[in-house]
Structures are given as structure tokens and as C-alpha cells.
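Please keep the sequence and the structure in view while reading.

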Amino acid sequence: MARGRTRNQKGTITLTTNGSWEISYYVYLTDPVAQKPKRHHRSRVVGHKSSMRKIDAEQILRQELELANAGPRSRPADDTITFGEWMRNVYVPMRAANWRAATRRTNEDYLKCHICPAFEHVQLKDISKFNVQMLFNRMAKDGYSYTVAHHVRDLIKAGLAEAVDQAVMERNVARKTVIPDIEECDKLPIGMYCKLLARLTDVRDRAIFLIGSFCALRSSELLR
């Protein structure tokens with residue numbers, strides 16, 4: 001947890017070589033050995049210039065600085081906060097504004113079906129690399145695809161990264177976890193696609209079937 005006086009930094013926004021807005025600022029974490037505040041640099045890409053104005057990137061930076069510059073009393077969490085509370089009350093409200101509707105529905109489904117059943121009541125300070133890795137191992141054993149397991153990992157890693165950025169955790173234990181080898185396979189034999197297509201007589205149904213089969217869309221995107 002951060003300690004010490006309230007700070008007033010301004011942070012910076014830079015345009016990267018690939019045309020993305022990158023915000024940079026500092027957080028202050030207590031050194032576990034010396035028990036003194038230590039400054040840590042934080043930076044992340046918040047959007048691409050083609051789809052985000054600089055003023056929007058500045059707004060995201062201001063939100064980060066409100067937390068980074070605040071005194072210890074206004075921190076959003078302490079050692080007792082659970083992972084479920086963190087994701088529900090801090091991470092999702094902060095990040096969901098930048099998610100498309102389909103992305104939000106997908107993330108909320110992964111939280112509800114895979115992540116919260118495992119970590120809903122686990123305190124952030126008690127989540128370990130072993131716990132997170134075992135979740136991915138179980139998902140592989142239960143037959144979930146690599147894509148699903150990878151998305152779950154990304155969501156957990158992002159949630160814990162935000163906790164590190166806000167000085168609620170010292171390190172991101174999910175950063176070096178891995179997805180087990182999962183053999184990707186077709187859900188239907190090739191011949192079955194032809195049979196299904198032959199039975200569809202409505203033009204709209206045929207279009208949905210073909211787009212869904214060959215364009216790699218999420219179901220929520222396909223049915224919009």
C-alpha cells in the first residue's frame with residue numbers, strides 16, 4: 001500500500017511510433033524491506049490516434065492521476081478487498097467505458113462463468129500464481145478452447161495489473177502464467193456444414209450461418 005503525503009504530479013501523454021496514445025505517471029509503493037515509499041513508473045497505451053482523440057487520452061490520464069496523487073485515505077481498497085469486489089467495484093467501472101458493447105458482454109460472461117466462481121471471495125493479497133495457473137489447467141482439462149482460456153487469462157491479468165497500478169498489490173501474479181497446450185478441433189465435421197446449409201431455406205438464416213462459420217465473429221456481434 002502507498003504511504004506518505006499527497007502528491008501532485010501531472011503525468012505525460014506521448015504519441016508512439018505506431019500512432020497510439022501512451023500515458024505515463026508514477027505510483028508510490030512501500031518497500032517491504034525498508035518500509036519506505038518507493039517511486040514506480042507506470043505507463044500503458046490507452047488507444048490509437050485514429051479512433052481516440054488526445055483529449056480522451058487526457059481524461060483517462062486524469063482518472064489515473066486522481067488515484068496516484070491521492071493520499072492513503074482515499075485509496076480504493078485495502079488488504080481485505082476480495083478479487084470479486086475489486087473487479088466489480090473498481091476494474092470494470094473504470095475500463096468498461098472503453099469497451100464495445102460486445103466486448104463488455106463477453107467480459108462479463110467470462111467473469112460470471114469462469115473467474116468469479118474461482119476467485120470471488122479470495123482476497124487480492126491471497127491470490128497466487130499457483131491459484132491462477134490451476135484455474136487454466138482445470139479449464140484445459142474440462143475441454144474449454146484455447147481462445148476461452150486465453151481470454152480469461154487476459155482479463156485476470158488486466159484486473160491484477162490495475163491493482164498493481166493503484167498500489168493495492170505489489171506485483172501481478174498472473175503475468176507469467178501460461179495456457180496449457182489445448183488441441184483446437186472443429187466442432188462439426190466438414191460434411192455437416194453442407195447438410196446444415198442445405199436445410200436452411202430462409203435467406204437471413206443462411207446468411208447468419210455462413211457469416212458465423214467463416215468470418216470468426218462472436219455470437220453477440222453476429223446477431224446485432
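Contact, as used throughout this briefing, means heavy atoms within 4.5 Å. The model is a predicted one, in which local features need pLDDT of at least 70 and side-chain atom pairs count only at pLDDT 80 or more, while totals for chains, interfaces and linings use all residues. Residues are numbered from 1 along each chain as its sequence is written, and side-chain values use heavy atoms, with hydrogens and water left out.

**Overall make-up**

- The chain holds eight helices and three strands, where helices (H or I, at least four residues) and strands (E, at least two) are DSSP runs numbered from the N terminus.
- Read from the N terminus, the order of the elements is β-β-β-α-α-α-α-α-α-α-α.
- Of the 224 residues in the chain, 39% are buried, a term that stands for under 20% relative accessible area, with exposed meaning over 50% and partly exposed in between (1.4 Å probe, protein chains only).
- Taking contacts between residues at least 6 apart in sequence, 62% join residues at least 24 apart.

**Nonpolar cores**

- A nonpolar core is here a set of buried Ala, Val, Leu, Ile, Met, Phe, Trp, Tyr and Cys residues joined through side-chain atoms within 4.5 Å.
- The largest such core has 35 residues, and those with the most contacts inside it are Phe-83, Trp-86, Ile-115, Leu-124, Val-152, Ile-156 and Leu-160.
- Two or more residues of this core come from each of helix H2 (83-95), helix H3 (101-119), helix H4 (129-141) and helix H5 (146-165), and H5 supplies the largest share, eight residues.
- Apart from this core lies another, of 12 residues, which includes Ile-13, Ile-23, Val-46 and Ile-60.
- Leu-160, when neighbours within four places in sequence are left aside, is in contact with Phe-83, Leu-124, Met-169, Asn-172, Val-173 and Ala-174.

- The buried residues of H3 include Thr-103, Asn-107, Leu-111, His-114, Ile-115 and Phe-119.
- The axes of H2 and H3 come within 10 Å and cross at roughly 160°; axes are lines fitted to C-alpha atoms, for helices over the stretch in contact, and angles run from 0 to 180 degrees between N-to-C directions.
- H2 and H3 are therefore roughly antiparallel to each other, since angles under 35 degrees count as roughly parallel, over 145 as roughly antiparallel, 65 to 115 as roughly perpendicular and the rest as oblique.
- Phe-83, Gly-84, Met-87 and Val-92 of H2 make this contact with Arg-104, Leu-111, Ile-115 and Phe-119 of H3.
- The axes of H3 and H4 come within 11 Å and cross at roughly 140°, so H3 and H4 are oblique to each other.
- In the contact between H3 and H4, His-114, Ala-118 and Phe-119 of H3 take part, together with Asn-131, Val-132, Leu-135, Arg-138 and Met-139 of H4.

**Helices H6 and H7**

- The axes of helix H6 (residues 190-199) and helix H7 (residues 203-214) come within 9 Å and cross at roughly 160°, which makes H6 roughly antiparallel to H7.
- Tyr-193, Leu-196 and Leu-197 of H6 and Arg-206, Phe-209, Leu-210 and Ser-213 of H7 make the contact.
- Phe-209, which lies in helix H7, is buried with a relative accessible area of 19%, and beyond residues up to four places away in sequence Phe-209 touches Tyr-193, Leu-196, Leu-197 and Leu-200.

**Two further buried residues**

- Ala-174 lies in the loop between H5 and H6 and is buried, with a relative accessible area of 0%.
- Ala-174 and Val-132 are 42 residues apart in sequence, yet 6.5 Å apart in space, C-alpha to C-alpha.
- Glu-64, placed in helix H1 (residues 54-69), counts as buried at 2% relative accessibility.
- Not counting residues up to four places away in sequence, Glu-64 touches Ile-23, Tyr-25, Arg-44, Met-94, Arg-95 and Glu-162.
- The C-alpha atoms of Glu-64 and Gln-166 are separated by 8.2 Å, although these residues are 102 residues apart along the chain.
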